[in-house]
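The following note sets out points for discussion on the model shown below. Please read each point alongside the sequence and the coordinates.

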Amino acid sequence: MRRKGAVVAVIKIKRYFPFSDSTNKETLNKLIPFMVRQALGNCSMRCPTSCIHAVDHERNQHLTVRLYAPEGAELAPQALPLVVEGLIQSFLKPVDWVDAVANQYLPLPYIGVRTLPQPIKIKQLFKKPDCAPLHALTTAALVLPGLLSPAAYAIEGDSVDFQYSHYQEGKRDISGLVSDPLTGVNSVSGIKTLNPIEVDSLHGSAKITLSDRVKFAFNYLQDTWGGATPVATAPSAFGGNGPLLSSDGTTVVGASPFLQSAQQIFLDAQKNSLIQNFDPNTGEAVYTRNNQLTHTLSTASPETRKQGDFKLSYEWDEAAVTVGGGISLEDDYESRFGNIGGRWDINQKQTTLNLDLSYTNSDTNAVLDHDAVTYIDKTAYRLNGQLETLEDEPKSNILSGNRQDWATHFGVTQILNKDALLGADVSYTRSTGYMANPYKAVSVVFIDPDQQFEAPPGGFQGQLKALLEQRPDVRNQWNLGGRYVQYINQLDAALHFDYRFSADDWGIHAHTFEADWVQPLVSGWTVTPRVRYYSQDAADFYTPWFHTEQKFNGRAKDNELPYDPSKFPSKFQDNFSSDQRLSGYGALSGGVTVTKQFAKGLTLETGFEYYTHQGSLKIGGGGEGAYADYDYWLANAALKVDLGALSLGGSGGNGHAGHEHHNHGVHAPAGVMFDHMLPNAGDFMVGYRYMYGNQSGDMLHGANAVSDQAIVANGCGPNPCFVAPDSMTMNMHMLDIMYAPTDWLTLMLMPQFMDMGMTMNRLDGAPLDSEAAKNIGNPLDSNGVPLDIGRHIPHHVQNGHETGGIGDLGMYALFKLFDNGVHHVHITTGLSVPTGDVDIKLRRNHTIDGGFIHYGMQLGSGTWDFKPSLTYTGHIDQFSWGAQASGTVRMEGQNESGYALGDLFQATAWGSYNLTNWLTASVRGMYTLQGGLNGKFNGLINQFGPMDYPQNHGGKYWDVGFGLSAMVPSGDLAGNRVSVEWLQPVEDNVNGYQLERDGALSATWSVAF
C-alpha cells in the first residue's frame, strides 16, 4: 500500500516472544496508529501528533511497523523508544523483557530499530531518549503543590494516588509575669509552652478516562489537627500567660487563655508597659519598664476537616474545557466551590493558553466557649446580628458569617525550545463577607482619664480588655507570576524557578521565590531538592495591641458598644487584628523529595520540608518581633499507581480476571480481609479499603435499652454519670499492598489512617456539674482540694469530640494449605504494630487540663497484637462461598497509657452469585466476641460518662451483610475491582453500658498485576 509522504521510521520486532492470541490484525490496525501518535505527540517537540498520519505494519515471523509523515516534517528519532516499549507491552506476552528494560535498559538483541537514512542502536535509544526534557519538566511541575495556578488542562493518564503527611510545629517561646514565691517580686520570665500544633493529613486522588475525549478526576483530603495556637498578643508585663501549677506546686505549663487582667495595667508617659513592685523598706511602688511582647496561647482538642472535589474534562485536538467543584467541611466551617476553565494550544502546540473562573461560598458557625464570655468582648458582632445564644448553654454563643469569593486566572505557557519552557499568569480574586477569625482577639488597654489615682508618676493606669478581632468585609487581591523551566541535558535534570508577586487592598504586598532541581538517577530513582522564600508586608489594620484613652463601660446598654471606636487610633477605628499571619514577616523553607518508579506502573515517594517563620527575614526589615518566630517540619509518603502502565503490561486486566476461579478462589465480600492469595510468584496487588461504622440510638445494658436515670445511677461505677454518648462514627482508610514471592506465600502490608467523632448529651436526672468535683479519683490542686472538673461538662455537650491520624500498621503472611481448583484453604498470620496514638488528650478549659480523650477514640491499641485467621473458599459455576475464623490476641498487658484492649474473635461465612460476568452479589453472617478493657488510663481522665470507664467495653455481636462486587472486564481499566458491603447489626449484647450500633459500610478497590 502506497502512502503519501515519506517513510520516517521503521520498527521491526523479531518473533522471539509469541504474540498474544487476541492480537489480530484488526486490533493492530486500530491500536498501533493511536499508540504511535500518542507517544510521538507527547515526546516530539518538532513533530506534533498531526505529523504522523499513517502507519503500516506486517505480521509474519516478525512485526514491522512503518511510520509516514508529510514531506518536510521532522521527527525526533530519540522518541522511538517509547513506541518500541509500548508495542512490546501491548502486543507481546510479557516475559523477561520487563526486567531487562528495568535494569538500566539493557540491549534487546531481538528488536531492531532504524530511522532513515542510518540505523540507530537500541541501547543508544533507551539510554537517554530525547523526550526526557519534557518528562522531567512534567514530573517536576507536579512535585510542589500549588506550583501552577488552577487552570483547565488535559488530565494526565489514568492513575490512583495515596499520600500521607504529618505537620509538626516547634514549641514557641512565650513569656509571662511571674512572682517569686519567696520575695514576691514580679518579673518577666520564659514559660514552658503548651503542645504545639500537629496535623495528620490523608490525600487520595484518581484520574479516569471515560472516553477518548472525556476524562474525570477527583480528590479527597482529610486532616486532623490539634495543639496550641496564639489567640492574642500583649506585653508580657500584662500577665496574659499566667503559670499553671501542678498538685506539687511546680510550674508545668504556661499559657492560660484568660486575656483580661483584674489588676491594673501600668504605662509610662510614652505608653510603654511597666512592671509594678514594692520597695521592701519603704513600701512604695517601684516601676520597671518592659516592652517584651508575647503570644497568649490557647489549646484546641483535635478537629477534623474533610474536603472532596472533582474535575470533568472534554478535550479536542488543540483545546480542552474543564468543569469542577467540591466541598470542604469542618465543625465550624463549610465551604462549597465550583470552577470552569478552558485550554487552547496554538503555534503547533508550542504555546498554551489557560483561562478559568471559580466561585466559593463559605459559612462560619463557630461555637464561642462559655468561659470566653468573661474575657473576650464580642459586642460588635452581637449588634450586627451575628451571635446566637445556645439554648442548652445560655452563656455560649455561635458566631455566624458568610463569605463569597470570585476568582479568575489567565496563564500562558511557551515552549522556547526542546529544553526550555516559560510560563506567566495573572489572577484576580474578590472576597466579600465575614473574613475574620472567630478565635482571635486583640488586647486593648482602656485608660480612663477619671481613674488615674494610682498611676505611676507621669504615667497612666488602665484596664486590659480583649476584643474579638474585626476585619474588612471586602478584599481585592491581585497575583502576578512567572516560571522558567530548563532541562540540563548533560545532567539529565530539570531546574524550575518561580516568582510570584501578590498585593491586596488590605495593604499586604508579598513576594515568593521558589526553585527546585529534578534529578533522575539510575533504576527509576529521582531526587528533587527545593527551596522557597516568602516575604510580606503587614496589613494596614494589624497590631499586636493598642491603647485608647477612654473608659470601658461594662454596663453599656444592650444596643450600645461598651467603648467608642472613634477614640481608637485612626488605623483601628473600623478594623483591627493581631493575627500573626497578617503581620510583616519572612519565611524560608527547604526540602527534598525522593521518588522510586517501578517498571509495573508503581511509584513510591517520600519527602521532607523544614520551614522557619521570622520577622527578621522580611524584605526591607521592619517585621514582627522575635517573640512571634516559630518553625515547623512536614514529612510525607505517597504511593502512586499508573493504571495506564498496568493496562499496557497486559497482566493487570484480563490476565488477573482469569485468576478468578482457580488457584486462590473467589474474592469475598468487601468487609472480609485476608480472603484471597495471589496465584503466581511475582504477582503484585494494590488496593484501597474504606470502612465506616456508626453508633447511635439507645443506650444498652446487655441487650436491653436503659433509661437516663439508670445510666446516672449505675453506668459510672461508684460515681454518678453526667453525660452519655449520643452518636459515634468511625472512618478507616487502608492500603492493601500484596506481593507473592512464591505461589504458596503472599505477603501483605496494611497501613491505615482513621478518624472518629463523638457527640454527647446531658442525662436527665444527672447531678449539678459542680458535683463532679466529688467523684472518686478526681485530681487535686496544690492544696489538696478537688479540682472543679465539672466546668468541663458544658464543653463536652457543646462541641463534639474528634480524633484522627495514623492507625496501627498491619503486617501479614498468607500460606496456601490446599487448592484443587474448586476448594481453597489458606492460613494468615500477622502482627499489628502499635503506630496509632493512645495518648490523645482534650484541651484545657478554666485552667484545668482536659485529660485523656475516651478509650474508644484513641487511634490504636497501643500494644503489639497477634492476628491469625483461617480461610476457606470454594466455587462451582456461578456460585461461590467461603468461611473464615479470625482473632486478635493482645501480646502485652498494657500500653504506654496504662490499659489494653480485650482480645477479639470473629467467625463469618458467606455465599455469592455471579449476576453477570462482571457483577457479583453476596450475603454473609458474622459473629464477634470482643473482650473487655483491661487496666485504665495512667493519667487524668475526666470521667463524666459510661465511655470513660473500662467496664463499659466489649461484648457479643451478630451481624448480617449484603454486598456487590464489580470487576472491569475489558478496556484500559480491565482488572480493576470495586466492592461494597453493608453490615447490618442483628443483636448487640454489650458489657456494661454502651451505645447501640447502627451498621457498618465497607468499600474496596483493587488491581493486580
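Is Cys 716 buried or exposed, and what is its relative accessible area? The points below begin with this residue.

1. Disulfide. Cys 716 has a relative accessible area of 0%, and is therefore buried. The model under review is a predicted one, and a search through the whole of it returns 1 disulfide. That link runs from Cys 716 to Cys 721, with a distance of 1.9 Å from S to S. A disulfide is a covalent bond between the sulfur atoms of two cysteines. The link of Cys 716 and Cys 721 is right-handed, with 110° about the S-S bond. Cys 721 also has a relative accessible area of 0%, so this residue is buried.

2. Overall composition. The protein chain contains 10 helices and 48 strands. It has 1009 residues, of which 51% count as buried. Among the contacts in the protein chain with a separation of 6 or more, 71% are made by residues 24 or more positions apart.

3. Pairing around strand β34. Strand β34 covers residues 723–742 and pairs with strand β32, residues 684–702, in the antiparallel sense over 13 bridges. Within this pairing, Leu 735 in β34 stands opposite Tyr 688. Strand β34 is also joined to strand β36 (residues 752–762) by 11 bridges, and the two run antiparallel. Here Met 730 faces its opposite residue, Met 756 in β36. A further antiparallel pairing links β34 to strand β35 (residues 745–750) through 4 bridges. Thr 742 has Leu 745 in β35 as its bridge partner, and the hairpin between β34 and β35 passes through 2 residues.

4. The structure contains 37 aromatic pairs. One of them is formed by Phe 852 and Phe 937, whose rings are stacked at 4.3 Å centre to centre with 5° between the planes. Phe 852 belongs to the loop between β39 (823–833) and β40 (865–866), while Phe 937 belongs to the loop between β46 (934–935) and β47 (955–967), so the pair ties together parts of the chain 85 residues apart in sequence. Phe 852 has a relative accessible area of 6% and is therefore buried. Phe 937 is likewise buried, because its relative accessibility is 5%.

5. An edge-to-face aromatic pair. Tyr 855 and Tyr 899 form an edge-to-face pair, with 5.1 Å centre to centre and 85° between the planes. Tyr 855 lies in the loop between β39 and β40, and Tyr 899 is in strand β43 (residues 899–900), so this pair ties together parts that are 44 residues apart in sequence. Tyr 855 and Tyr 899 are both buried.

6. Aromatic cluster and charges over rings. One aromatic cluster is made up of Phe 446, Phe 546, Phe 552, Tyr 563, Phe 568, Phe 572 and Phe 576. Charged side chains also sit over aromatic rings: the charged end of Arg 172 is over the ring of Tyr 630, at 4.2 Å from its centre. For Lys 271, the charged end is over the ring of Phe 460, at 4.8 Å from the ring centre.

7. Where is Asn 272 found? This residue is in the loop between β12 (265–267) and β13 (273–278). Asn 272 counts as buried because its relative accessibility is 13%, which is to be read against a limit of under 20%. The side chains of Asn 272 and Asn 291 are joined by a polar contact of 2.8 Å. Leaving aside residues up to four places away in sequence, Asn 272 touches Phe 266, Leu 267, Arg 289 and Asn 291.

8. Which residue has its C-alpha atom 5.2 Å from that of Met 967, although 49 residues separate them along the chain? The residue is Trp 918. Met 967 has its place in strand β47, and is buried because its relative accessible area is 12%.

How values were computed. Residues are numbered from 1 along each chain as its sequence is written. This is a predicted model: local features need pLDDT of at least 70, side-chain atom pairs count only at pLDDT 80 or more; totals for chains, interfaces and linings use all residues. Side-chain values use heavy atoms; hydrogens and water are left out. Rings of Phe, Tyr and Trp (its six-membered ring) pair if their centres lie within 6.5 Å; planes under 30 degrees apart count as stacked, over 60 as edge-to-face and the rest as tilted. Buried means under 20% relative accessible area, exposed over 50%, partly exposed in between (1.4 Å probe, protein chains only). A charge sits over a ring if NZ of Lys or CZ of Arg is within 6 Å of the ring centre and within 35 degrees of the ring normal. A polar contact is a pair of N or O atoms within 3.5 Å; within protein, one must be able to donate a hydrogen and the other to accept it, and residues adjacent in sequence count only if both atoms are side-chain atoms. Contact means heavy atoms within 4.5 Å. Two strands pair if DSSP finds at least two bridges between them. A disulfide is a pair of cysteine sulfur atoms within 2.5 Å.
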